[in-house]
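Subject: Structure handover

Hello,

Here is the structure I promised to pass on. Please open it and keep it beside this message as you read.

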Amino acid sequence: MFIHDQKHQIPLLNNYLHIINTFNCEVDTGNNEIKKFKITGTFFCQQNSVTSVCAHAALCMTLNNVGKDIITPEDINKDIGIDHIDKKIGPQNRGLSQEDIVKVLKDYGLAYTWTNFFENPNIEYNEYIYRYIEGRCPALLVFSTDTELHVVPILGHTLNTDIWRPEAETAYTDQIDRLHYKSTASWVDHFIIHDDNFGPYFCMPIDALKRITLPKHDRTFRSYLAVIITPPELKTPAWEAEWASVIITKLYLQKIIDIGAQLDDWSERIVKTESVRRPRPIVVRTLVVDKDEYIKNLDEKDFEGNIFTESDKKSLTKNLPDLFWLSEITLPDLYTANKSKIVDFFYECDKPPLSNDTDIYKRWIQIRFPHALLLNSQSGNPTALQMSIKSHYPLFRFEKREETFDW
Amino acid sequence: MARIASEKGKKKSNNILDGWQKVTKLKLDGGLKQNEKAKFEKARFAEKQNKRSTFVLGGKINFCD
């Protein structure tokens, strides 16, 4: 937040804090009066390097931003059996093991998923984290220093809609295949973090922890692993939902072309965007969404002023589970300028990782195109229903808990 | 004019829906392309590795070559 010259606070441009909470605060005025008030923001705390390390601070910050009761690093120690006599913690001893983390999260009714970027250097750490943080799943990012691993909680991101790279990379190379698309993570230039060695609300450039060298040759100051805190029912990985959305949507669009049927203008642009001399990428934004929040987004108008009818809303929501992966498929200018999308692709989120790649054809729930909704069926063919939305439609937004200032 | 435009629009909508209804009756090509299979395989391998290994948050680096 910064103070505008008219003494009015407005948020920083294109700063999106996704992991926030409202905290009940009290001040004893000293006159036998307790003043109560609320602060909406993100919790920050530091390690003391004696009985707590960065992992305690990061975990506390994360849990206090999603929970109701405030916990301290010492609460975590008690939970995992650290008594500072027989079992000690601190920089000379150990960090928090996976077993410790699991125990603490279980007590909070939370689950997690994680990946190691040293063992899997082909995974772009920012894309991995972004798909979860965009759906308000907190992330703990661990990176290497010269001698240690440091962990910071990721609370949100900034956006730069003028970034040249995503479109230039597509136009100036010839790598076009079905999975050649750009995640909206490509326009995220910083993660917003708390670093307990520095303070709250720092903007960490994505590129600060990226290297073109392999980890075994260049180990210092790069992303090491990420732990994502998830609802217990979230089991399907984000990459699977996103890749399925691109493959299956493109398959259906190609089928329409093959049979010579009419496509709406915007879906046609998706098909045509890549088959030209200087192609432009399709853009995909994938995030985990709950059904109630999705329903709240059905009251907008599309670019032509059309709205969803009550019958449309019923069709769209009757088969939806309480939690699902939503992939919004769009084009670069629609994303950066209009902040709108063409296609909504819905995918199950409670399935275990794939044992068979073609299971992606069973796991999609429905696809909303302009003019039509395709509903998948486990037993027969999908069905197609008419929709009143005929053009591009505003991107999904969570209910605002704090003001944002969008370009 | 508005009525003609509205009828044209309705006809377009109906044509588009017809197309989707025809396509949903076709069998969706179940195969992934070779490069897609490779990408899926890499991603699934990464997940299996996670299940076999463990992590520690914070502390000294312990790189195993």
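Below is what turned up, starting with the interface. Please note that this is a predicted model.

**Where the chains meet**

Chain B puts 45 residues in contact with 68 residues of chain A. The area buried between the two is about 5,200 Å². Carbon and sulfur atoms give 62% of that area. On the chain B side, B:Trp20, B:Phe55 and B:Leu57 supply 17% of the area that chain B buries against chain A, more than any other three residues.

The side chains of A:Asp265 and B:Lys12 meet in a salt bridge, at 3.3 Å from N to O.

Which elements of chain B give two or more residues to the side that touches chain A? They are α1 (2-23), α2 (34-52) and β1 (56-57). The largest share, 13 residues, comes from α2(B). By class, this side of chain B has 15 nonpolar, 15 polar and 15 charged residues.

The strands also cross the boundary. Strand β6 (residues 96-97) of chain A is joined to β1(B) by 2 bridges, and the two run antiparallel. A:Ser97 stands opposite B:Val56 there.

**Chain B by itself**

Chain B has 2 helices and 1 strand. From the N terminus on, the order is α-α-β. Of its 65 residues, 34% count as buried.

B:Arg44 counts as buried because its relative accessibility is 12%, under the 20% limit. B:Glu41 is partly exposed, at 39%.

**The sheet in chain A**

In chain A, 7 strands form an open sheet with mixed pairing. Their order is β10-β14-β15-β17-β18-β19-β20. β10 (182-183) and β20 (383-386) stand at the edges with a single partner strand each, so one side of each has no neighbour in the sheet. β10(A) pairs with β14 (residues 283-290) of chain A in the parallel sense, over 2 bridges. Within that pair, A:Lys182 stands opposite A:Val283.

A:Lys182 has another partner to look at. The side chains of A:Lys182 and A:Glu169 meet in a salt bridge, at 2.6 Å from N to O. A:Lys182 is in strand β10 and A:Glu169 in helix α5 (residues 165-171), so the pair ties together parts 13 residues apart in sequence. A:Lys182 counts as buried, at 11% relative accessibility. A:Glu169 is partly exposed, at 29%.

**Helix α9 of chain A**

A:Thr317 lies in helix α9 (residues 310-318). The side chain of A:Thr317 reaches the backbone oxygen of A:Lys313 at 2.7 Å. A:Thr317 counts as buried, at 13% relative accessibility. Beyond its neighbours within four places in sequence, A:Thr317 is in contact with A:Lys291, A:Ile295 and A:Leu298.

A:Lys313 also forms a salt bridge with A:Glu310, side chain to side chain, at 3.5 Å from N to O. A:Lys313 is buried, at 16%, whereas A:Glu310 is exposed, at 60%.

Best wishes

How values were computed: Residues numbered from 1 in each chain as written. Chains lettered and ligands numbered in written order. Predicted model: local features only at pLDDT ≥ 70, side-chain atom pairs only at ≥ 80, totals over all residues. Heavy atoms only, no water. Contact = heavy atoms within 4.5 Å. Buried area = accessible area lost by both parts, 1.4 Å probe. Salt bridge = Lys/Arg side-chain N within 4 Å of Asp/Glu carboxyl O. Helix = DSSP H or I, 4+ residues; strand = E, 2+ residues; numbered from the N terminus. Nonpolar A, V, L, I, M, F, W, Y, C, P; charged D, E, K, R; others polar. Pairing = 2+ DSSP bridges. Buried < 20%, exposed > 50% of the residue type's maximum accessible area, 1.4 Å probe, protein only. Polar contact = N/O pair within 3.5 Å; in protein donor to acceptor, adjacent residues only side chain to side chain.
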